[in-house]
Structures are given as C-alpha cells and as structure tokens.
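Welcome, and thanks for taking a look at this one. Please open the structure below and keep it in view while you read the notes that follow.

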Amino acid sequence: MAAIVSVQNLRKTYAGGFEALKSVNLDIEEGEILALLGPNGAGKTTLISTICGITVPTSGSVTVAGHDTQTDFRAARNLVGLVPQEISLEPFETVMNTVSFSRGLFGKPRNDAFIENILKKLSLSDKKDNKIMMLSGGMKRRVLIAKALSHEPKVLFLDEPTAGVDVELRKDMWEVVADLKASGVTIILTTHYIEEAEAIADRVGVINKGEILLVQDKADLMSQMGQKQLKIELSEPTRAIPKALAGYDLVLSKDGRSLDYSYDTKGERTGITTLLGDLQAAGLQMKDIQTRQSSLEDIFVGLVKETA
C-alpha cells in the first residue's frame, strides 16, 4: 500500500538546544490506523505538529500525498485534519457554526448538508444548535473531530483524543475512528491508553526521546516480541524454588502457592514438558496451570526501558 505521509530524516532542535526529534523516518500508509505510543516528552506532539506544518523542522522533509509541507504548505495542509489535545472552543458559539467556520478557514464553500452529515456520524445532530458551553467533555471532543473533518481531509491526526474521557465514551470514540477509516480516511493517533492501540490500530509505532524505536504491524509485533507466561498453582505452598529447578528461571509468588514460567512463543521448544516432569521429581504437586499472552503494554514498557 502506498504511503500518503512520508517523513524523511526529520529533526527538531529548539532554541535552548533541546533536540525533540532525532532523524525521524516514518511512512504512513494510505487508509491505515497508526497508533503512536510513547511516554510524556517522547516527541509525539512535536512530530504531529511538524507533519501538520505548525512546527518548523530544523532539517529533513515531510510530504503529504506528494506535497512538501514546507515548499507546498497550502496543498499539504488542506489534506490534513488535526484534533489537538487541548479543548479550545468558543463557549458561546453553536456547534453548527463552530464546525462551519472551520470549513471556511480552509477556503471551502459553505455546505450545510456536508456539515450536518459529519455531525450525524459523530452523534452530534441533536446538539447542532447548542452552545459549546452546554456540552460535556466527551461531546466537546467530538466537536473537535468534526472541526478537523470539516474541510474533507484525507489524513486525520488525533493527539490524545480520549484523554480525560470515561471508558464508555472512549469505546464510542473507537467506533467513530473505525467508521472514519471505513470512509477512506487515514488516521494517526497518539495515546497513553495501550488498550486503545490494541483495539483499533493496524500498525503501532513507538517513540521515545525523539527517536522512532519501531513501526510494525500490530499482530506481527505481538507475535514476534510477545511471550507467553505459564502460571503453575501448587497444591501446597513452598518456601523456595528447589535447586533442581534453578535452570528454568522460575518466579515464586509471595505466598509460595504459584510459580511463573515465561517462554518464547517462536522458540523451537518451550521446555514446558520437561519442566512439568522436573517439578514432580522435585516433590512439587500441581493444582492448576494457566497461560497468558504478553500484551502490547508489556512490549511497550520493555522497549521504553531499553532506551531509558
């Protein structure tokens, strides 16, 4: 699939000498949902702001559908919608006028039918004549998305779109994002909620200290880097792991009633069969066995720790 956004050797150094982006390379495929994960200060917002043309890069280039964001800014920016972290809306204006005004800022002709259709998709139809000050936090976030979609962009950036939103509204937002993808919009979102990336992303990128650590298909990432954990519940508690089992790198629970054993899902052998036999030989009786696949959060935490 072709890249609709291409970032090449992008650097951003601020006046004080802080390097927020360090030679970032990233291709975003048309029609995908890319989740960009990273801790606070990792460079997520700086990267998005630079791609959208809000922040001027120190060096490197960004193109959107072939348009350079520096030399052909207007054409590139017209293809991009941005939903910022902060909710900054005119409290005394109506929802309809707020979204229509954003469309006008991009030089688009008035189109009430198009705006009403956006509001309908975002469950805002019954709020279109309400003043912004009357809306809940979740509804205000939907207005921000409507504003970003008002000029018919091909690429939508969502910077922490569900920050401060309760779990139920967050899941509603995931449905909105899925619908936008189905309509052909390419979506890039930054998030602190790992389950958000796990639920809706096609690919996952991890950024830390201004550097992209990886960008990979979500399923492949979890398959290649994920581990499975075997939890062995014991019939009787034990004070310590027998020396005969030292080679298995087992972890004993605080109450002594279970053992955890991690193994690579891609390995030729898991070692489980041998372990279970050695457990019995060591005098430990099993009560139950459970397995758990490592989550995207486990992988993310591990990657960030490596660069700390």
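Which residues does Leu156 touch, not counting residues up to four places away in sequence? They are Gly81, Leu82, Val83, Ala148, Leu149, Leu180, Val185, Thr186, Ile187 and Ile188. Do keep in mind that this is a predicted model. The protein has 308 residues, with ten helices and 14 strands.

**Overall picture**

- Of the 308 residues, 43% count as buried.
- Among contacts with a separation of 6 or more, residues 24 or more positions apart account for 69%.
- The protein exposes about 15,800 Å², and carbon and sulfur atoms supply 48% of that area.

**Nonpolar cores**

- The largest nonpolar core holds 40 residues, and Leu156 is one of those that touch the most other members.
- Leu119, Val143, Ile145, Leu158, Leu180 and Ile187 join Leu156 in that group.
- Helix α5 gives the most to this core, with seven residues.
- There is also a second, separate core of 25 residues, and its members include Leu10, Leu36, Val155 and Phe157.

- Helix α4 covers residues 112-121, and its buried residues are Ile115, Ile118 and Leu119.
- Why do these residues line one face of the helix? Seen down the axis of α4, the buried residues fall within an arc of 100°, so they line one face.
- As background, an α-helix has 3.6 residues a turn, so residues three or four places apart point the same way.
- On the other side of α4 you will find Ala113, Lys120 and Lys121, which are exposed.
- The buried residues of α4 pack against α3 (95-105) and α5 (137-149).
- In α3, the buried residues are Val95, Met96, Thr98, Val99, Ser102 and Arg103, and the buried residues of this helix pack against α4 and α5.

**Positive phi values**

- Most residues other than glycine have a negative phi, and a few places in this model are worth a look on that score.
- Ala65 has a positive phi near 50° and is not a glycine. Ala65 sits in the loop between β4 (59-64) and β5 (67-68), and its relative accessible area of 45% makes it partly exposed.
- Lys209 is another residue other than glycine with a positive phi, here about 55°. Lys209 belongs to the loop between β9 (203-208) and β10 (211-217), and it counts as partly exposed at 42% relative accessibility.
- Gly107, which follows α3, has a positive phi near 75°.

**Aromatic rings**

- How many aromatic pairs does a search of the whole structure find? The search finds one.
- The pair is formed by Tyr248 and Tyr261, with ring centres 6.2 Å apart and planes at 80°, so it is edge-to-face.
- Tyr248 lies in the loop between β11 (227-234) and β12 (251-252), while Tyr261 is in strand β13 (residues 258-264). The two are 13 residues apart, and the pair links distant parts of the chain.
- Are Tyr248 and Tyr261 buried or exposed? Both are buried.
- Elsewhere, the charged end of Lys12 sits over the ring of Tyr14, at 5.0 Å from the ring centre.

- Pro84 is found in the loop between β6 (80-83) and α3, and with a relative accessible area of 30% it is partly exposed.
- Leaving aside neighbours within four places in sequence, Pro84 is in contact with Arg141, Leu144 and Asp159.
- Gln285 lies in the loop between α9 (272-281) and β14 (286-293), and at 46% relative accessibility it counts as partly exposed.
- Not counting residues up to four places away in sequence, Gln285 touches Glu233, Leu234, Ser235 and Gln280. The C-alpha atoms of Gln285 and Ile232 are 9.7 Å apart, and these two residues are 53 residues apart along the chain.

Methods. Residues numbered from 1 in each chain as written. Predicted model: local features only at pLDDT ≥ 70, side-chain atom pairs only at ≥ 80, totals over all residues. Heavy atoms only, no water. Helix = DSSP H or I, 4+ residues; strand = E, 2+ residues; numbered from the N terminus. Buried < 20%, exposed > 50% of the residue type's maximum accessible area, 1.4 Å probe, protein only. Contact = heavy atoms within 4.5 Å. Arc of directions from axis to C-beta. Phe/Tyr/Trp six-rings, centres within 6.5 Å; stacked < 30°, edge-to-face > 60°. Lys NZ or Arg CZ within 6 Å of the ring centre and 35° of its normal. Areas by Shrake-Rupley, 256 points an atom, 1.4 Å probe, with all protein chains shown as cover. Core = buried A, V, L, I, M, F, W, Y, C linked by side-chain atoms within 4.5 Å.
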